[in-house]
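Work through these exercises with the structure open. Try each task before reading its solution.

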Amino acid sequence: MSEQPVLSVRDLEVEFDTFGGKVRAVRGVSYDVHAGETLAVVGESGCGKSVTVQALMGLIPTPPGRIVGGSARLMGRELIGLNQAQLNDVRGADMGMIFQDPMTSLNPTMRVGDQIAETLVVHRDISRDAALAEAVRLLERTRIPEAAQRARQYPFEFSGGMLQRVMISMSLACTPKLLIADEPTTALDVTIQDQVLELMQEIQREDHMAIVLITHDLGVVARMADRVAVMYAGEVVEYGSVDDIFYRSAHPYTEGLKEAMPDMHQHGKDRLEAIPGSPPDLFSPPPGCAYHPRCPHAMRICNRIGPSEYPVGDAHHASCWRLHEDAPTTASEDGHAG
Amino acid sequence: MGAYIARRLLSGVITIWFIATATFFGMHAVPGDPLLNDKAVTPEIRANLERAYGLDKPVPQQYLIFLKNMLQGDFGISFTQQNRRVNDIIAEHFPVSATLGVLALLFAAGGGIMFGALTALFRSRMPDYLIMFLVIIAVSVPSFVFAGLGQLAILRLNSLLGFSLLPVAGWGTVAHMLVPALVLGLGTMAYLTRLMRSSMLEVAETDYIRTARAKGLTPRRIFFRHQLRNAILPVVTVLGPAIAAITTGGFVVELVFAIPGLGRYFVQAVQQLDYTVIMGTTVFYGAFLVLMVIAVDIVYGFIDPRIQVSKSLS
């Protein structure tokens, strides 16, 4: 990719001060998203996938949260360290965000049309009437029937799927370059999920925007993503194209996630394989590779020194000692494991 | 909406009937003699008085007579104040209490919402600690102490200025009303401040405030357009009971500031077992409160679009 990425995150680190101590929620995350492309960020709850995007949107409550280091550039513009006013220029205008629960993410005492129009009024030199007309057009674009009437209704008069469409219209109001979707379909039932994902894809094709899709549903990843970042304990452990991740995965955690995914053709398997154990406590992450206590392939070095990133293919890399040139080959690996 | 209001009014009438009945029999159960007088009362005079007030009849019959008169809006003549009709007492003194109460409520609601919002805005900083400290004092100190302190403060202020800026007691002009209304509303203001503060902080944590920030709205816009309106809802809910607290609590303040309000008659009547005045003032206050609570519920519907009168309710 020679063109400039829409979003480029480098070595981002986020910490939270709590009574129990310092929680290192994000520990050096890097990824790129290009125009017209979808990056899926996957991982278990608490792995830092949401905190990463909230940090670059400036949505982390500070205190207790703190961005310790790293950079995040949107179209080349550094986002980390912007003040409130500068951040408000970017938020809603160049990057939009939709959230997990559409039922609680809209103001219950404000008409949805006004909530959409508000974004336009704030970011553009536009009259309230013109903004309201544009809001209706945006609702039509997300295929909400009778948009003009619906714009005058309140959120409680909508279903969950319809509200997520409203959220999408709202985040698209200023045609942002980047759409961040934080588990956009988790709270919706499956048929509605499908419609919402379809809508996002369609709008992406038309506007050529970049999408960061946070999810823990590998089915959604397979359907939507061009690239995938697999996160574990605040780090990206594997990064590659969707085919790399599904067919040539190199990290044992990615393997574990795929094993845990239901499959239409489960030959001879009655039960899904779960990854044993639970994610590490980020108050004190284990030394070495954070995944080693749960890893079936863990070696002696894994609990001492964390692995660096090893290239696996073109724009595909993973952080695992097994990829080191001195690592035992898969065939003899069992003998050396310990 | 019309059907809803009619339904609420009907249940209000039942409430008032219940209040009237309970008060009537409770009052008659209290030991004591309403006709007791420091003048010598001969048995003949006493019999005449009893006949005049209908006390010679059995209590259930008295009750029926009372109900019949009440439905015609007549509460009879006071026992202790010669030839003064209860309706006249209410008509003369209630406007005074109501004016004081409305002003006190304005202070309480306005101050409570404003200070509550301020504390939330300056959470864990100096203005928050200061206001919350004062709130605890205002909640714990009874109103007669504040009434006295208020008068003392007026005195000091007037002597400092060298002329009488505010009157210490009495009734008549707006200047007479300010300090008593403030004293009367203080406890409710403190309560509403606490309620507003916790409500503001709760709203600040909600998903839709996060959405508003993600839209790039200024903190000022988020505060006024998203946070405030949603935070006021619980405060509006308690305004009905707050009106009750203020109107019934007015007695002490009226006494200290020598305000000719209804509260004094309300309390005196009970002390003197003035049957007709007790019934008149109690039923009147009861009706007033029922109306206020209904009014608050209707206003609530305008602020929160989710509260609508559904078909099944009306």
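Two residues count as in contact if their C-beta atoms, placed from the backbone, lie within 7 Å. Keep in mind that the model is predicted.

**Exercise 1. The contact between the chains**

Find how many residues of chain A are in contact with chain B, and describe that side of chain A.

Solution.
- Step 1: Apply the cut-off of 7 Å. It puts 24 residues of chain A in contact with 18 residues of chain B.
- Step 2: Look for helices on the side of chain A that touches chain B. Helix 2 (84-90) and helix 3 (112-123) of chain A each supply at least two of its residues.
- Step 3: Sort the residues on this side of chain A by type. They comprise 11 nonpolar, nine polar and four charged residues.

**Exercise 2. The sheet in chain A**

Which strands of the open sheet in chain A stand at the edges?

Solution.
- Step 1: Write down the strand order. Eight strands of chain A line up as 6-7-8-3-9-10-12-11, with mixed pairing.
- Step 2: Go to the ends of the order. Strand 6 (95-98) and strand 11 (310-313) of chain A each have a single partner strand, so one side of each has no neighbour in the sheet.
- Step 3: Check the angle. Ignoring direction, neighbouring strands of this sheet are turned by 20° against each other on average.

**Exercise 3. The partner of strand 6**

How many bridges join strand 6 of chain A to strand 7 of chain A?

Solution.
- Step 1: Locate strand 7 of chain A at residues 178-182.
- Step 2: Count the bridges. There are four, and the two strands run parallel.
- Step 3: Pick one position. Gly96(A) stands opposite Leu179(A) of strand 7.

**Exercise 4. Confidence**

State the scores of the model and of chain B.

Solution.
- Step 1: Read the model scores: ipTM 0.86 and pTM 0.80.
- Step 2: Turn to chain B. Its average pLDDT is 88, and 96% of the residues score at least 70.

Technical notes. Residues are numbered from 1 along each chain as its sequence is written. Chains are lettered from A and ligands numbered from 1 in the order in which they are written. This is a predicted model: local features need pLDDT of at least 70, side-chain atom pairs count only at pLDDT 80 or more; totals for chains, interfaces and linings use all residues. Ala, Val, Leu, Ile, Met, Phe, Trp, Tyr, Cys and Pro count as nonpolar, Asp, Glu, Lys and Arg as charged, and the others, Gly among them, as polar. pLDDT is the predictor's confidence in each residue, from 0 to 100. Two strands pair if DSSP finds at least two bridges between them. Axes are lines fitted to C-alpha atoms, for helices over the stretch in contact, and angles run from 0 to 180 degrees between N-to-C directions.
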